[in-house]
Amino acid sequence: MLTYSLRRAGAAVPTLFILVTLAFILIRLAPGGPFDTERQLPAAVEANLEQKYHLQEPLFQQYTDYLWGIAHGDFGPSFQYPDVTVTQLICAGFPVSFKLGASAMLLALTTGITLGVIAAVRQNRVTDYGVMMLAMLGISIPNFVLAPLLILCLAVYLDWLPAGGAENWQDYILPVITLAAVQIAYIARLTRGAMIEVLRSSFIRTARAKGLSMHIVLFRHALPAALAPVVSYVGPATAGIITGSVVVEAIFGLPGLGHHFVNGALNRDYTLVLGIVLFYGMLVILLNLIVDLLYAWLDPRIKY
Amino acid sequence: MANYKWIITLTVFATTALSMGCDLSTDTTNGPEITAAGEIVIRKGNGTEPQTLDPHRAQGVPEANILRDLYEGLISEAPSGKLVPGVAERWEISADGKAYTFHLRGNARWSNGAPVTAEDFVYSLRRSVDPITGSSYAAILSPIKNASAIIRGQKAPESLGVKAIGAHTIKIQLQAPTPYFLGLLTHTSTYPVYRPAVEKYGTTFTQPGNNVSNGAYRLTEWVIASHVTLRRNPYYWNNIKTRIDIVKYYGINDSEAEMRRYRAGELDWTASVPLGQLEWVQAHLPEEYRAAPYLGTYYYGLNLTRPPFKGNRAIREALSLAIDRKLLVEKVIRGGEIAAYGWVPPGVRNYTGQSFAYADWPRRRQIQVARRLYHQAGYSRSHPLSVEIRYNTSEDHQKIGTVIASMWKAVLGVKTTLINEEWKVFLQNVQARRATQVYRASWIGDYNDAYTFAELMHSRFGLNGAGYANPVYDHLLDQATTEVGKSQRRALLERAERMLLRDHPLIPIYFYVSKHLLKPYIEGYQDNIMDHHYTKDLRVRLRTGRHNDTPD
């Protein structure tokens, strides 16, 4: 398993290299530059700024300098926030995005799997229809609708929870619920489907024929087998939930990475965008590796 | 079947409960936040995240709001916007209006207790114009002797016309008499910075822990993309008058999100009010809504270097005439904005705003003349003008563009294409003047003087996206910069504006209005045209029966 992990890590290097190269070219192709504003900079000032960020050098040299920098763990200075470095911005933003994403995923997994199992056991009964109706709602209500609704009812009118910010743990409750809602729905549907299939298979019939209690049949025998599709879904979903919470971060005013990514791109903050692309790239690769390892642990037939 | 009934009943019940819950009115009159230590906190929505807290490199309004609390320049402003002594307690102006001598107050201190000296201002003003600093606002200091040459990199920063005479006197020599110079000294780019901190920490002197400031507050926390916290500066010379202990500035881009947090009682002050919610606000929170004229003009620029506007004044005037600005501000924008028939907004010091000759004409006559000019320019219903309006992507700009296009269509039969572009792309196109015809723009004055508007259309000013180059206009402006007499200067600038309006290189649409929501317990706020509000002048009214030291 260790050799397998190392091999995967080795294969990640060329992937990341291509990713950075493409991102570098694309952001430079975008019209406009980091110093274009409504106010024209005096020529001498602009020349000084370009020198500071090495923009006056040939593009290829800027590219090799950048690669040399990231090989040494230096993501460079931010254009948009001249007082801090990209590394500082990522270090400040990631914990917020991670807390948000990980809590949402945890909530989604526990609630989603529980609902899915209940629905499968009560297949084609009222409970099943109820759960599936909720799941359908969860999938079809976009988070930019759900978030303001939750804020309006729970924060503005009832005053139970904060409407935004990231200063206390309570601030995370509404964003986590918003972000988890869609995932709960997907996971519940996936679990239900897989569970129904597993419950019909012969090894479950054997287990029940042996006289095992319903609980043991469900949780020791059926659930691990039914979790495979959920696990393969969870890897990319976690990456997506950590990186893709841009909208939720904006609505709740959370200082996560999504905020920097979008604003960085709009402001042509070259180094910030590249830094985050690279960071996200590594994160997605890592999460996929973890999922593959989990797979082997859950399913004894898989060996690396 | 019984089960289904249950579900239906529950759903109906839940929906009604939810919608009823949402009809409850909010209690926004709860008091301000008070810490366990009894300190009074005020939480302000502040638009976007500040990019830097270096007063000499800051560009935006959010940065300036924070910097005004952190630092104090030679001159400061009262809540009404009136100029009042800042670090300088008095000053003398020479008879030719070109030399200013400021006497600093002896008790002005930095937040570490060190005295604020004339040398601090000399160092800071030099730093501000030094191209190495990279200030985008350096050019507004051009009135100071040698500043322009330093900004161009032709002279050393040491040659700037600023001299310390002893520890508490500073003499500033100007290139030409500049009647708005005192007002300029309230701008962040003239604020002093603490030399030892700048030299020790470089660009990170703006970070909490490194930062030393001389204003009513000092920086204690900066969480990027969330908030900036300031605490009162115990060494501030007028600290005894400061009523608010802690100010928190929240960078919230989305005005809808800002408003929700305001309504949930998490903010005491908003940077703006979403357009779509104005009616609701006026109906439900009239006491908390503050709107005031603001030093800005929303306009359409016309690219004079390309057809159809090149050398065709008639068509430019026809398009301007065809816009019913009154209808636009009253029925479309609906935020209390003022229809603009001139370039310089009303309320500017020592100035009377000029207007188009047709500003007060009845609408019928405006339409008649518009049509006549349109024909004069060689267009007709059968041979209509086709034109593009370019704007940076935003719902509001699109809305206004659509309405103006329909007015042009109805009055003249003009065929308009709306083109939206991402901000940076848009800026590049406007400045290149190759693709643009009509472009949306706005101009916010940097200081309270007509010149800040007039110079935009000077042929040598870099951002003249219209490509307007009128030697007579340029000459009037150049004359105004050297004119000693206040009324003569005023007359020159007013004449220049009339000329500009006659030539129609741009079509002013409306004058801006600043909009805030303020909790009713905040006192000491006054409207002013610059929309500058210093936290040191604010106070809060605590709920009756409560003491300062009761934890919230």
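How many of the six residues of strand β2 of chain B are buried? Five, so I would call β2(B), residues 40-45, mostly covered, where "buried" means 20 or more other C-beta atoms within 10 Å of a residue's own, "exposed" 12 or fewer, and "partly exposed" in between, with C-beta atoms placed from the backbone.

Some ground rules. This is a predicted model: local features need pLDDT of at least 70, side-chain atom pairs count only at pLDDT 80 or more, and totals for chains, interfaces and linings use all residues. Residues are numbered from 1 along each chain as its sequence is written, and chains are lettered from A and ligands numbered from 1 in the order in which they are written. Helices (H or I, at least four residues) and strands (E, at least two) are DSSP runs, numbered from the N terminus. Two strands pair if DSSP finds at least two bridges between them.

Stay with β2(B). Strand β1(B), residues 33-34, pairs with β2(B) in the antiparallel sense over two bridges. I34(B) has I40(B) as its bridge partner.

Next, an open sheet. Four strands of chain B line up as β5-β6-β8-β7, with antiparallel pairing. Which strands stand at the edges? β5(B), residues 88-93, and β7(B), residues 162-164. Each has a single partner strand, so one side of each is left without a neighbour in the sheet. Neighbouring strands are turned by 20° against each other on average, direction ignored. β7(B) pairs with β8(B), residues 169-173, over three bridges. V162(B) stands opposite I172(B) there. Helix α3(B) packs on the sheet and touches β6, β7 and β8 of chain B. Its direction makes about 155° with that of β7(B). Contact means C-beta atoms, placed from the backbone, within 7 Å. Axes are lines fitted to C-alpha atoms, for helices over the stretch in contact, and angles run from 0 to 180 degrees between N-to-C directions.

The P307(B) to P308(B) peptide bond is cis, with omega near 5°. P308(B) lies in the loop between β12 and α9 of chain B. N146(B) is not glycine, yet its phi is positive, near 70°. N146(B) sits in the loop between α3 and α4 of chain B, and is buried, with 20 other C-beta atoms within 10 Å. R433(B) also has a positive phi, near 60°. Its loop runs between α13 and β16 of chain B. R433(B) has 17 C-beta neighbours inside 10 Å and counts as partly exposed.

Zoom out. Chain B has 16 helices and 19 strands. Its radius of gyration, taken over C-alpha atoms, is 26 Å, close to the 24 Å that the globule rule (2.2 Å times the number of residues to the power 0.38) gives for 552 residues, so chain B is as compact as a globular protein of that length. Of its 552 residues, 48% count as buried.

Last, the interface. The contact takes 47 residues from chain B and 45 residues from chain A. On the chain B side, α1, α7 and α13 give two or more residues. The largest share, five residues, comes from α13(B).

Methods. Two residues are in contact if their C-beta atoms, placed from the backbone, lie within 7 Å.
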